[in-house]
Amino acid sequence: MSNYYDDEEELKTQDNLKTIRRTLAQTRPHWRWIVGFLVTIAIVSVLDSVYTYLRKEIVDQAILAGSQAVFRQALIAYAATVLVQALGVFGFIYLTGILGQRILYDLRQAMFNHLQELSFAYFNRTPVGWIMARVTSDTERVSNLLTWGLLDITWGVFNIATSAFFMFIINWRLALIVLTILPILLVVAAQFQKRILAEYRRVRRFNSKIVGAYNENITGVRVVKALCREKENLREFSQFSGDMYRASYHAAWLSALFLPVVQMITALALGSIIWYSGRQAQWGGMTIGSIQAFVSYLTFIMWPIQDLARVYAELQHAVASAERIFSLLDTVPSISDRPGAMDPGTVRGDVSFEHVYFDYDPDTPVLADFNLQVKQGETIALVGPTGGGKSTIVNLLCRFYEPRKGVIRMAEHDYTELSLHAIQSRIGIVLQTPHLFSGTVRENIRYGRLEATDEQVEEAARVAGAHDFIVKLGKGYDSGVGEGGQLLSVGQKQLISLARALLAQPDIFVMDEATSSVDTLTEALIQKGMEALMEGRTSFVIAHRLSTIKRAGRILFIDDGRIVEMGSHAELLRTRGRYYRLYVQQFRQELQREQELYEMGAAAS
Amino acid sequence: MSLSATTSEYDLKNAVTPNRLLGLWRLMTGFRLTYLGATLGLALAATSKVATFLLLRYFVDGILGQDNMAHIVPRIALAFVGLALFEGTFTFLSRSLAARTAEGITLRLRDYLFDHIQRLSFTYHDRTPTGELLERCTSDVDAVRRFFADQAIGVGRILSLFGVSVIALLRLNVRLALTSIVVVPVLVVMSLFFFRKVSKAYEAMQEQEAILSTTLQENLPGVRVVKAFARQEFEREKFERDNWEKFERGKRFMKLHSLYWPLSDVLCGAQMLVGVSTGALMTMNGTISIGTYLAYTGLLIWVIWPMRNLGRFIVQMSSGLVSYQRVAKVIGEKREPLAAGTCRPDGDVRGEIVFDEVGFVYPSGYRALDSVCFRCKPGQAIALLGSTGSGKTTLVNLLPRFYEYSDGSLTLDGVELNHYPRSFLRQQIGIVEQEPFLFSRTIRENMTYGVRREVSDAEIEAAAKAAAIHQDIIEFPQGYDTLVGERGVMLSGGQKQRVAIARTLLKDPRILILDDSTSSVDTETEHLIRQALQGLMKGRTTFIIAHRIQSVMNADLILVFDKGKVVQMGAHAELMQQDGIYRRIHDLQTRLDIELEKEIASVQLL
């Protein structure tokens, strides 16, 4: 999993061109914008050279020749150039900037939409952080490449081309001499950039180490203190911070050296211009204005070149980013509607698992030849050790996964003949750690049925037993629940998710009971809410509470992907098998918890 | 290339002052000469650049077209290269000296903060959210670094270039010089105004980006809920709203840029036009020479264009000042002295502890402990029983002086506890928490963490065996060298607890604090942990924060807590005689077994 987090993965070069082509294809709907900013940047770059040429003309043709007429013309041309160029600058910043934001928007939306379709298996094997990085930073890189990157390249090419063009016009022999330093500049710049980039990579690595060390020292400060580890910790940290110091100083040192070296090379070229022109002036070949212009053009050429390596490195990164984005977009949902999938309007009716086989990876089968018949309205409690297969059964039922072999029937159909929407919108699910979305309580309950009125929302909350605590919150139903519902307790979150499920009026109800402790009062409320939901519905409960288990019509003890024991509470107790042992243990634990949470406080007061 | 001793020993506490600029000046202690060098470098580089133009003037006016030109030209060319070399060298020197200053200050700040954090009191950490402290140590420190490395230097570069150029211009021709800087004040004001706006727009954009991330971060783990309610469409629309808002804010940010740059271009262009035309006219009437004109137009560029960026640096500097303030606030917090204390025994303590009317009040005014009195002999086990928040944890936190008791007397071996240095006490006390914190290192390193001596592999293994974790460890592919991950995520709760027990065994403290909770483990593991704990307690004064009655029954003394007070005290047998909480809890336990029997019996009858 480690390379999931490596941002600078090496590329498979053979796919580069394909990726670039596909990336460029992203811009097709916006080609007018692209053409627009490419043309404006080209104009801006050409006008930069024109300026210089105008200044040369002012010196040579106006001042030295003493021509007022030429002078006026030149000034008018100059003023016009200023205005046109300003327009051009406005144009390219506006077009490039906004297009960049637009591409970012498009890419993110496309990825998000696709993510909604992907199956559970994908989310199970892909860390959230990885996906986050793809949607946030990779999209940014690609959009930068398609806009500012493209702009940089165009600008650089035009700068070099027009400067060279004017240099040749002024004096082709001198231009040839000067252009011989280009390759030298290129090599030097590339070497520098390569080292600087590598150094900054090291800086980033050290930096994340330092952040990690801080994080650990803050979160673990109590242990550090208890173990008197302060001195040694500081010694260890000093190594990190020392490494960081050396790396970042070295990076800064190299960058500081880079520019002067490039400038020195240019200066040598300039020196040669003057030396040469000094001799030419004797023959009257080079004017003063020409010398000045040559100096400027040389600088214009120098800028893009010293930037070249950076642009190239960014291009490489962006291509890698694009590749990862496409890999996400190309992931085919492993579960999707079959052709001709239908919606029978309800999934009420018997549910059956027939010879179902399932595994998450082929080496470790989870279910093998699993069979189960459930009558409409029956409540099934699933108990047994962690990893025994309880959650898998529920996941298959909800069609988060599909059986590798065998059939699951629902409302008299093989459920793969139904549409995913037909199934999933009619199964109400309450999870062990309920997931709420940031927003208000009301919004979270309404998630169950978007068109529900406020009265219906409250009614559902009442039936679920959530109403009482909700009205006690600061703003009642309009209280925010915090990111992921963190402002509420686990018990409260469960009550809200029960209300949410109730509002959805599902045909089948699935619940994974919380194992973590909930206070007795909330616990009783949750029980009540569950009962309301189970009423008349086929229900599957991964049960941890005795009261739930006892109330179930049928208890399945699941282990190793098999039903080890099945029957009613009384039947299973009599067998004195694994259920019996589990029950006794559970019984003790529950009473103990009660003693902790309730008795102590109550007895004392 | 490390910092000199005096430099690294400067106590940053002295750099804390309400005046932010003075504070930053004090942060530079030990680096001021270096930074002065950087500033000088800037000025010299600017001077070299300006000199180049003056040389150009000399070349054009004095040499070009002269008879002996052929001799002088190579020398002039050499002088040009020489000036470029000067400029390059000084630019390089200035930047690298600035980097040395900035990185040096940052290094010292980082080390200081790191040490500072671990020496701040529990009280401070209780009230400070991790994220906030982390933010101050990382991004704020980096903002301070950029202040020295980029911003201050950037402003210096622009101003020194401007200053030297203007002086040169004035010497060339006063009228020309004055006409060419008319636009500068306007430009400066405009850039200040713009960058302030742009930084706000940027923040707004980043804020929305954060919201977008949150939406995504919530959606991904919630995918089960989304699917379960078939709410893909709803989620898409929600994300689209946030995404669109981000687009809108990004657009605004870009629009600001697309207005500022061409506007300032026109302004600078107009100034150039005025300068060039004035210069050209003056040249044509012969007021100035052609060489002067060339030098002038060259200098003009360096007077005007850099000004466009001045606002950016100044606005960024103000955020650097804010960051300094936030960092200074942390540095200003009082450290908890580790070594202060008059009583420092040579050997270990015996572990005789007497609480006499001990009370503790949190800074918030909440009284967590109220006149607690009891006495324990060395090697005894004291069990603390009570509901959450009743004062058990606060009491044990007094022993290593994590908190200072507010009133009463608390003695260890007959000496008042606050006469012992904290570091000494903490070496004498071992703590095993309910959910122990492990560091993202190997198991071996975690076990020896805080053990202040060389520990042989054999000793480590022995401790692991005693803590019943050896078997688990050797089943890992890398054995004792297995990395436990951040906070020990690679290990289960029970495994973490046993590693912590082994760690404490190696530390071999005289006093032990145990949080007796094994809620997250199965019966088998629970048994193992209990055995390990029994071994650990042997011969040490032990305080057990108890969650269940079994672990209390064997204690020498049981304290029953309620609302910060000890409401019952005594050994198991004694407490069973009294009518009180203890007996009620105990009875509940017995009732449990009876009820279970009944239940099973009733089932049998069916």
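Colleague: Let's start with a helix on a sheet: at about what angle to β6(A) does helix α16 of chain A run?

Modeller: Bear in mind that this is a predicted model. Helix α16, residues 490-503 of chain A, lies across β6 and β7 of chain A. Its direction relative to β6(A) comes out at about 175°.

Colleague: Which strands are at the edges of the open sheet that contains β6 in chain A?

Modeller: The sheet has 6 strands with mixed pairing, in the order β6-β7-β8-β3-β9-β10 (chain A). Neighbouring strands are turned by 20° against each other on average, direction ignored. An edge strand pairs on one side only, and in chain A that picks out β6 (427-430) and β10 (562-567).

Colleague: Inside that sheet, what is the bridge partner of Ala381(A) in β8(A)?

Modeller: Strand β3 of chain A covers residues 379-383, and β8 of chain A covers residues 538-542. The two run parallel and are joined by 4 bridges. Across from Ala381(A), the partner in β8(A) is Val541(A).

Colleague: And helix α11 of chain A, at about what angle to β8(A) does that one run?

Modeller: Helix α11 takes in residues 390-397 of chain A. The strands it lies across are β3, β6, β7 (508-512), β8 and β9 (554-559) of chain A. Against β8(A), helix α11 runs at about 150°.

Colleague: How many nonpolar, polar and charged residues does the contact of α7(A) with α6(B) have?

Modeller: On the α7(A) side you have Val211(A), Tyr214(A), Asn215(A), Ile218(A) and Thr219(A). They meet Thr130(B), Leu133(B), Leu134(B), Cys137(B) and Thr138(B) in α6(B). By class, that gives 6 nonpolar, 4 polar and no charged residues.

Colleague: Is Arg401(B) buried or exposed?

Modeller: Arg401(B) sits in the loop between α13 (392-398) and β4 (407-412) of chain B. Its phi is positive, about 60°, although it is not a glycine. Its relative accessible area is 7%, and the cut-off for burial is under 20%, so Arg401(B) counts as buried.

Colleague: What about Asp369(A): what class does its relative accessibility put it in?

Modeller: Asp369(A) belongs to strand β2 (residues 364-374) of chain A. It too is a residue other than glycine with a positive phi, near 50°. The relative accessibility is 37%, so Asp369(A) counts as partly exposed.

Colleague: Last stop, β1(B): which residue stands opposite Gly359(B) in β4(B)?

Modeller: Strand β1 (residues 353-361) of chain B is joined by 6 bridges to the antiparallel strand β2 (residues 367-376) of chain B, where Phe360(B) has Leu369(B) as its bridge partner. The hairpin of β1(B) and β2(B) has 5 residues between the strands, and in it Gly365(B) takes a positive phi near 100°. β1(B) is also joined to β4(B) by 5 bridges, again antiparallel. In β4(B), the residue opposite Gly359(B) is Asp407(B).

Conventions:
Residues numbered from 1 in each chain as written. Chains lettered and ligands numbered in written order. Predicted model: local features only at pLDDT ≥ 70, side-chain atom pairs only at ≥ 80, totals over all residues. Heavy atoms only, no water. Pairing = 2+ DSSP bridges. Axes fitted to C-alpha atoms, helices over the stretch in contact; angles between N-to-C directions. Contact = heavy atoms within 4.5 Å. Nonpolar A, V, L, I, M, F, W, Y, C, P; charged D, E, K, R; others polar. Buried < 20%, exposed > 50% of the residue type's maximum accessible area, 1.4 Å probe, protein only.
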